[in-house]
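Here is my note for your first look. Keep the sequence and the 3D view open while you read.

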Amino acid sequence: MGVIDTEGKKYLSDNEIFADAFNYLVYDGRQVIKAGELREIDTTELAVPYGNNAKAPVQKYRDILKLWNAMMDDDAIYVILGAELQDKVHYGMPVKDGLYDMLGYSKQIEEIRRSYRKQGEETGGKITAEEGSLKIKLTSEEFLSGLRKGDKLIPIITAVVYLGDSPWDGPRSLHDMLDFKNDMIRNFVPDYKLNLISPVDMDDGEFAKFNTDLGFAMEVIKHQSTDADEVISRTNHRKIDRDTAVFLNTAVKLNLEYEEKTGGIDMCLAMEKKQQRDEINGVIKFLRSSGTPESDILTKVMESFNVTREYVLALLTPQKA
């Protein structure tokens, strides 16, 4: 996993950020999913290989997986929300995500089957399961599938969060990957659609639909190769939360200098410090090329830029290597 994937996973694992991403995806920015309604769940899925040469089952790990449990219209709602992060376009993503979702449903069926086996006792070829004070006999069909006729599974929604700097030019559904010769065949092949969150493919007005600093992060990611500095400048010294600043600085390689203070981080100030540092490095390079002694470079830079001795020494040292 690359740096962007690693830092993105850490950042999006925060419940506030995660809820904001799915509120954008599912509810067009309306704040329906609340951070307090999310619970981390096991990201391990068991993949069973098929074929004559199939080996032992292998474990696959989702990037982020959470259970959303809330009350809506006096009804309890349960939805499993998964996020897969990509810093590069994955041309097999519909199959990858589809596999994860099917494994998730298979896992639920197995858990239901296991619970019936645990509760039930074998009586005349049937399983009698305890449900409160009632004993419910499973039919042969129910015993075969591991599910009772009325059992329901928890819906799974998987989002692909693409953090690359070029548009997503990969397939957005399983049908996009298949070689159909006519529409009659297409009509009989189930499709699987990607739920894609791709900043570089968003219109700039979309970022206002986010309720946290994730919207700012998405906008910087979109413009990371062109005018990220301008996006930061437009914040007009608005404070950004620390996690967003750290994520952007590392994953998008902004290489900003910032101080962590109460109330958040001023990205404009951080950018100004970076620009000053770049300018100082340019002066150091020029003075060195002209044969100026290190002690004179130190003095000139301190006086010209009104910076401390320690600051200049820190810039001088790595450039000697």
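**Notes on the sheet, a helix pair and one histidine**

1. Leucine 38 stands opposite tryptophan 68 in β4. These residues belong to a pairing of β1 with β4, which is antiparallel and has three bridges. Two strands count as paired if DSSP finds at least two bridges between them. Strands (E, at least two residues) and helices (H or I, at least four) are DSSP runs, numbered from the N terminus.

2. A word on the source. This is a predicted model, in which local features need pLDDT of at least 70 and side-chain atom pairs count only at pLDDT 80 or more, while totals for chains, interfaces and linings use all residues. Residues are numbered from 1 along each chain as its sequence is written, and side-chain values use heavy atoms, with hydrogens and water left out.

3. Now the whole sheet. Five strands make an open sheet, in the order β1-β4-β5-β9-β10, with mixed pairing. β1 (38–40) and β10 (195–197) are at the edges with a single partner strand each, so one side of each has no neighbour in the sheet. On average, neighbouring strands are turned by 30° against each other, direction ignored. Axes here are lines fitted to C-alpha atoms, for helices over the stretch in contact, and angles run from 0 to 180 degrees between N-to-C directions.

4. Look next at β4 (residues 64–72) and β5 (residues 75–86). They pair in the antiparallel sense over nine bridges. Leucine 65 faces glycine 82 in β5, and alanine 70 has isoleucine 77 as its bridge partner. Two residues lie between the strands of this hairpin, and aspartate 73 takes a positive phi near 55° there.

5. How do α9 (residues 267–289) and α10 (residues 294–305) cross, and at what angle? Their axes come within 10 Å and cross at roughly 145°. Contact means heavy atoms within 4.5 Å.

6. Is histidine 175 buried or exposed? Histidine 175 counts as buried because its relative accessibility is 12% (buried is under 20% relative accessible area, exposed over 50%, partly exposed in between; 1.4 Å probe, protein chains only). Histidine 175 sits in the loop between β9 (156–162) and α5 (183–186). Leaving aside neighbours within four places in sequence, histidine 175 contacts Phe180, Arg186, Val189, Pro190 and Asp191.
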